[in-house]
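The points should be read alongside the sequence and the coordinates shown here.

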Amino acid sequence: MASATAPSSGGATSFAGGLRGVQEQHTITVLVNNEPGVLARVSGLFARRGYNIESLTVSITEDPLVSRMTIVVAGDADVLEQITKQLHKLVDVLKVYDYLDTPLLARELALVKVNAEAGQRLELMQLIDIFRGRVIDVSDRTYVIEVTGGSDKIDAFEKQMEQFGVRELVRTGRIAMMRGPRTV
Amino acid sequence: MATIKTTGARALLECLRREGVDTIFGYPGGAVIPLYDELYHCDFIRHVLVRHEQGGGHMAEGYAHATGKVGVVLATSGPGATNLVTPLTDAMMDSIPLVAITGQVRTEVIGKDAFQEADITGITMPITKHNWLVKDVRDLPRIIHEAFHIARSGRPGPVLVDIPVDVSRAVVEYDPDAVQQVEMKSFKSNFKVNALQVKRAAEFIAEAKRPVLYVGGGAKAAHAHEELLELANRVGIPVTTTLHGLGTFPENHPLSLGMLGMHGTAYANYAVHHCDLLIALGARFDDRVTGKVSAFAPGAKVIHVDIDPAEMNKVRRAEVPIVGDVRSFLNELLKYVEPRNDLAAWNNEIGKWKAEFPLEAPDGSEDGLLHSEFVIREVARLTNNDAVVTTDVGQHQMWAAQHFGMRKPRQFITSGGLGTMGFGLPAAIGAAFGLGGETPVWCISGDGSFQMCVQELMVASIYQLPVKVALLNNQFLGMVRQWQEMFWQRHYSHVNLEAAPDFVKLAEAYGVRGLRCERPEDVEATIREAMATPGPVVIDFRVTRETNVYPMIPSGQTIDDMVVRRPDDPAEEPVNTCHVTPGAKPSEVVVVTAQQGENQEAADDRLPAPGEVVDVAR
């Protein structure tokens with residue numbers, strides 16, 4: 001599983017090409033033409049071939065004509081090979097990159113609305129500090145906390161917040177980038 | 001840099017002209033009136049008025065099949081566009097280059113459920129290589145040229161361009177020469193075969209003791225028949241083809257094994273099963289070819305050549321995967337392949353299978369009955385195996401594939417992947433247009449399929465096209481009936497087509513010559529009569545009702561399950577009666593009381609026993 005400091009898309013079991021028959025989580029970056037309907041083309045491809053998307057984010061890039069999708073998907077090596085090739089066939093897809101064995105930086109952002117009763121605020125603030133989160137909204141009973149990091153870290157933070165009572169939670173999907181000077 | 005100023009509609013026609021389009025198949029409607037107004041004044045494109053958009057789509061497919069050019073179909077918005085869904089899917093499955101142009105409601109009412117509005121780009125997303133909704137007339141010329149480029153490049157396929165009516169009417173100023181130079185950085189199709197992999201393939205071929213060439217539609221699309229013949233001859237490799245590969249290798253060649261797969265020849269399937277090297281050229285390991293994948297060519301190494309990278313390792317892992325055009329692969333390969341004469345043992349073994357398990361085609365001399373296989377063989381014989389043949393889908397299609405004996409590429413036009421009943425007649429019409437309107441096209445059809453697009457007879461009639469329909473009329477949906485007989489305890493549920501029109505009169509109603517043939521001794525004279533008649537002919541061949549297609553490997557099974565021929569034991573013969581009569585059903589409808597319902601449940605032997613493996617493919 002990916003974490004904030006030592007992320008890997010496949011974990012210790014992966015090697016070049018991946019394992020056939022072994023389910024692995026993959027992070028894929030897809031660069032697409034910034035055109036209407038592209039999201040439907042990509043998500044439709046996943047749906048009709050029976051691939052499960054765990055998360056999908058779409059954003060702008062440094063090039064206004066290009067959008068960037070980050071897709072987290074689980075499957076064995078054969079399934080991932082098919083997904084990558086089928087994505088390549090879409091006319092609006094410029095580039096597909098599976099971060100298998102590539103050191104990557106992966107981040108998510110979460111907003112958590114938790115109960116912040118008077119007697120618990122100190123403890124809450126300490127935890128937020130440990131996770132390097134920020135309080136971005138305060139009411140007399142609740143805080144809204146912003147926290148970023150790898151999905152493991154956010155999972156852990158989510159768990160820590162349960163004791164206070166989570167009223168609402170929202171997470172972005174994963175975004176990812178290669179370490180070092182290389183680009184997708 | 002000469003720009004022209006014109007309407008969207010006229011720009012469209014100019015783009016079609018520049019793409020070499022001479023014929024389009026279409027049906028007018030509100031949203032395409034501006035296009036039809038331009039067609040009214042147009043002298044360089046022949047527009048064929050079809051009788052149903054589905055027929056138009058299949059005609060464009062037949063045209064593309066026969067010529068290798070891009071087929072073009074034009075339809076209006078809403079229902080006109082949705083009627084194209086089946087031909088588009090068919091073209092997608094069989095990799096047929098097709099450009100569909102549809103009208104759309106005015107841009108300002110799109111998304112407002114306007115009259116005859118359908119989100120056709122949304123609907124056809126999974127069944128086209130790509131599609132466009134043209135919202136700005138300035139994009140139209142570029143999109144049309146891109147559409148043709150995508151349809152014909154790489155693995156061919158269908159595309160759709162949706163043009164709102166106001167875009168057709170709008171004025172555009174553009175440079176037609178510049179826009180014709182398509183540049184798409186996001187679409188790659190010119191895959192070059194990897195030289196290293198070609199050398200490896202040559203080494204595999206040099207070492208193989210029992211090689212087989214498995215040739216699909218990709219070899220036809222790449223015009224690779226001459227190179228294929230050279231390779232087979234030089235090394236002595238036997239050749240089996242898929243349904244769409246038929247004709248790419250002449251079936252009268254000693255190395256030809258005919259078709260493989262579910263209804264392929266026994267010897268082709270035995271050869272593939274026992275081979276040590278399978279050379280797949282433009283074929284995709286379809287389930288109708290492989291049956292159970294893990295038991296398909298179990299001892300073989302695989303060389304897989306395909307223009308579509310996604311076909312590599314999709315079904316069968318290849319030892320030598322090669323992405324590229326089959327013809328350029330063969331041209332490269334032939335530089336390294338040495339002649340061999342040590343494959344005689346392998347070919348002798350295959351020869352024994354050929355002698356032991358030939359395709360059987362009773363000619364009626366024993367039983368006096370009119371057999372479909374015999375009719376097909378007679379059509380082939382009397383046309384010197386030279387006629388272009390289209391088929392519909394079902395038993396007649398498999399018999400045509402088995403018994404016609406194709407000689408040349410693009411001779412056999414059929415709906416393979418999608419299995420579209422209703423394809424045959426319009427495809428024959430489209431092929432006849434593509435071939436110039438003089439070359440006879442035989443449509444081998446069934447009584448079920450023929451009725452699905454029968455209205456297009458009018459087009460054949462108007463243009464007096466030499467389309468000869470050999471209707472193998474067994475008064476059944478024969479293939480479903482065969483499965484019901486073999487796997488569903490002869491529950492002939494809704495496959496009886498005895499209640500049918502008089503096909504001779506039906507033909508005559510369209511102004512088409514109708515003939516009927518009921519006895520084997522009349523077949524030759526009837527076919528000669530049809531050939532001598534100018535223009536279209538429909539022949540109603542009243543063939544045996546309950547004949548099965550053999551050999552057959554049941555769905556999802558292995559070569560060990562192959563039923564090679566009709567069982568010899570008469571007890572295993574199908575009873576030559578039908579226990580379902582039309583009209584009898586209403587009396588069988590009874591109100592099931594709770595008591596009866598329980599009893600029925602207890603007595604239902606159709607439920608699988610616990611632990612029984614149910615073959616869902618059946």
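1. Val72(B) stands opposite Val99(B), a residue of strand S5(B). The model is a predicted one. The two strands concerned, S4 (residues 71-75) and S5 (residues 98-104) of chain B, pair in the parallel sense over five bridges.

2. Helix H3 (residues 53-67) of chain B packs on the sheet, where it touches strands S2 (23-26), S3, S4 and S5 of chain B. The direction of H3(B) makes about 165° with that of S4(B). Helix H5 (residues 85-94) of chain B also packs on the sheet, in contact with S5 and strand S7 (158-164) of chain B; the direction of H5(B) makes about 145° with that of S7(B).

3. The sheet in chain B is open and has six strands in the order S3-S2-S4-S5-S7-S6, with parallel pairing. Strands S3 (46-49) and S6 (130-133) of chain B each have a single partner strand, so one side of each is left without a neighbour in the sheet. On average, neighbouring strands of this sheet are turned by 20° against each other, direction ignored.

4. Helix H19 (residues 424-434) of chain B is mostly covered, with eleven of its eleven residues buried. Among them are Leu425(B), Ile429(B) and Phe433(B), together with the glycines Gly424(B), Gly430(B) and Gly434(B). Gly436(B), which follows H19(B), has a positive phi, near 95°.

5. Between the chains, 13 residues of chain B are in contact with 17 residues of chain A. The side of chain B that touches chain A comprises six nonpolar, four polar and three charged residues.

How values were computed: Residues are numbered from 1 along each chain as its sequence is written. Chains are lettered from A and ligands numbered from 1 in the order in which they are written. This is a predicted model: local features need pLDDT of at least 70, side-chain atom pairs count only at pLDDT 80 or more; totals for chains, interfaces and linings use all residues. Two strands pair if DSSP finds at least two bridges between them. Helices (H or I, at least four residues) and strands (E, at least two) are DSSP runs, numbered from the N terminus. Axes are lines fitted to C-alpha atoms, for helices over the stretch in contact, and angles run from 0 to 180 degrees between N-to-C directions. Two residues are in contact if their C-beta atoms, placed from the backbone, lie within 7 Å. Ala, Val, Leu, Ile, Met, Phe, Trp, Tyr, Cys and Pro count as nonpolar, Asp, Glu, Lys and Arg as charged, and the others, Gly among them, as polar. A residue is buried if 20 or more other C-beta atoms lie within 10 Å of its own, exposed if 12 or fewer, and partly exposed in between; C-beta atoms are placed from the backbone.
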